[in-house]
Amino acid sequence: MPVMTIAKAINEGLRAALETSPATLLMGEDIGALGGVYRVTEGLKAEFGADRVVDTPLGESGIIGTAIGLALRGYRPVCEIQFDGFVFPGFNQITTQLAKMHARSDGMLRVPVVIRIPYGGGIGSVEHHSESPEALFAHTAGLRIITPSNPQDAYWMIQQAIDCDDPVIVFEPKRRYWLKGEVDLTTPPGNPFAAHVLRQGTDATVVAYGPLVPVALAAAAAAAEDGNSVEVIDLRSVSPMDFDTVTASVQKTGRLIVAHEAPTFGGIGGELAARVSERAFLSLQAPVMRVGGFHLPYPVARMEEQYLPDIDRILESLDRALAY
């Protein structure tokens, strides 16, 4: 199996979709000649032409609005938002139009729009370039939200998102774009909205997604050196959320730590904590612990290491859970 970075895997996934589906087109700022800020779309304009890899004006609302119109006419547009913090000019189009069109038409209309958003910190960038806004979109019914954490998922999930008849937001962990891994080009990893158990354990469950999955795995390895067995789950899909896989794990381990880069206040971890408390209260041996960013604007680059959840913060939560 070939070894790719996450960025290359998404590039190859987009290439495969463009080859197999004439209705698929890519659109976004600087995605054509430049190949995108992170070069994720590099080479695709030269291969498929400017009418299928479209450089758009600088206007996220216009990008999303145009994509909605294209989808209603039978296309499958894939929009790139350059950085997470740039999506908000298009927030109204996404949440009040794209998410609701299918329900508003009583199921008569489909809007298969994919929105790619590089998200998260860890790249030493300036304001509006390191946000994690997934909870804002997850609160809106009608949107599917997925986030790959490895090249295998990146290659297949972008194609599965394009094949989906519902609007799908793909949050791509930008600081993991250069993470390498093997990619099976022939066997898709099943349901893109299902969580994956990456490491078996018996003492506690750590759930993470996107950029924090490698951190969770490293924390589990460190915990094993102290004699603690930690199960690690890659959530993969933020909406819908695979509560069954998480619940089954917690019923086995009795403890749950949820980790994400976004602030803990109002975050995805709170929803998981509430659902697991409802579903597996009698199995819990400790309160559900949440590890995330602080409830403040994303800091300047020189301070982001103090902001971003790391191995130590996950291990500290594990210690508190094991102490009950």
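# Helices, cores and cysteines

Visitor: What do the buried residues of α3 pack against?

Guide: They pack against β2 (24–28), β4 (76–80), α4 (91–98), α5 (101–104) and β5 (114–119). Buried means under 20% relative accessible area, exposed over 50% and partly exposed in between, with a 1.4 Å probe and protein chains only. Packing rests on contact, that is, heavy atoms within 4.5 Å. Helices (H or I, at least four residues) and strands (E, at least two) are DSSP runs numbered from the N terminus.

Visitor: And what sort of model is this?

Guide: It is a predicted model, in which local features need pLDDT of at least 70 and side-chain atom pairs count only at pLDDT 80 or more, while totals for chains, interfaces and linings use all residues. Residues are numbered from 1 along each chain as its sequence is written, and side-chain values use heavy atoms, with hydrogens and water left out.

Visitor: Back to α3. Which residues are buried there?

Guide: Glu60, Ile63, Ile64, Ala67, Ile68 and Ala71. Down the axis of α3 these buried residues fall within an arc of 135°, so they line one face of the helix. The arc is taken over the directions from the helix axis to the C-beta atoms.

Visitor: Why would such a spacing give one face?

Guide: An α-helix has 3.6 residues a turn, so residues three or four places apart point the same way.

Visitor: How far does α3 reach?

Guide: Its 13 residues (60–72) reach 19 Å from first C-alpha to last, close to the 18 Å expected at 1.5 Å a residue. The expected span is 1.5 Å times one less than the number of residues. After α3 comes Gly74, with a positive phi near 105°.

Visitor: What about α8, which residues are buried in that one?

Guide: Val213, Val215, Ala216, Ala219, Ala220 and Ala223. Seen down the axis of α8, they lie within an arc of 155°, so they line one face of the helix. Their packing partners are β9 (196–199), β10 (204–208), β11 (230–234) and α12 (311–322). Just after α8, Gly227 has a positive phi of about 90°.

Visitor: Where is Thr147?

Guide: Thr147 is in the loop between β6 (144–146) and α7 (151–163). It counts as buried, at 1% relative accessibility.

Visitor: Which side chain does the side chain of Thr147 make a polar contact with?

Guide: That of Tyr119, at 2.9 Å. A polar contact is a pair of N or O atoms within 3.5 Å; within protein, one must be able to donate a hydrogen and the other to accept it, and residues adjacent in sequence count only if both atoms are side-chain atoms. A polar atom of the Thr147 side chain also lies 2.9 Å from the backbone oxygen of Phe171. Leaving out residues up to four places away in sequence, Thr147 touches several others, including Met157, Pro173, Arg236 and Val238.

Visitor: New topic. How many residues are in the largest nonpolar core?

Guide: The largest nonpolar core has 43 residues, and those with the most contacts inside it are Ile94, Ile115, Ile169, Leu235 and Val246. The elements giving two or more residues to this core include β2, α3, β7 (168–173) and α9 (243–253). Apart from it lies another core, of 33 residues, with Leu18, Val53, Val114 and Ile146 among them. A nonpolar core is a set of buried Ala, Val, Leu, Ile, Met, Phe, Trp, Tyr and Cys residues joined through side-chain atoms within 4.5 Å.

Visitor: What does Leu235 touch?

Guide: Not counting residues up to four places away in sequence, its contacts include Ala194, Val207, Met241, Val246 and Leu272.

Visitor: How many disulfides does the structure hold?

Guide: 0. A disulfide is a pair of cysteine sulfur atoms within 2.5 Å.
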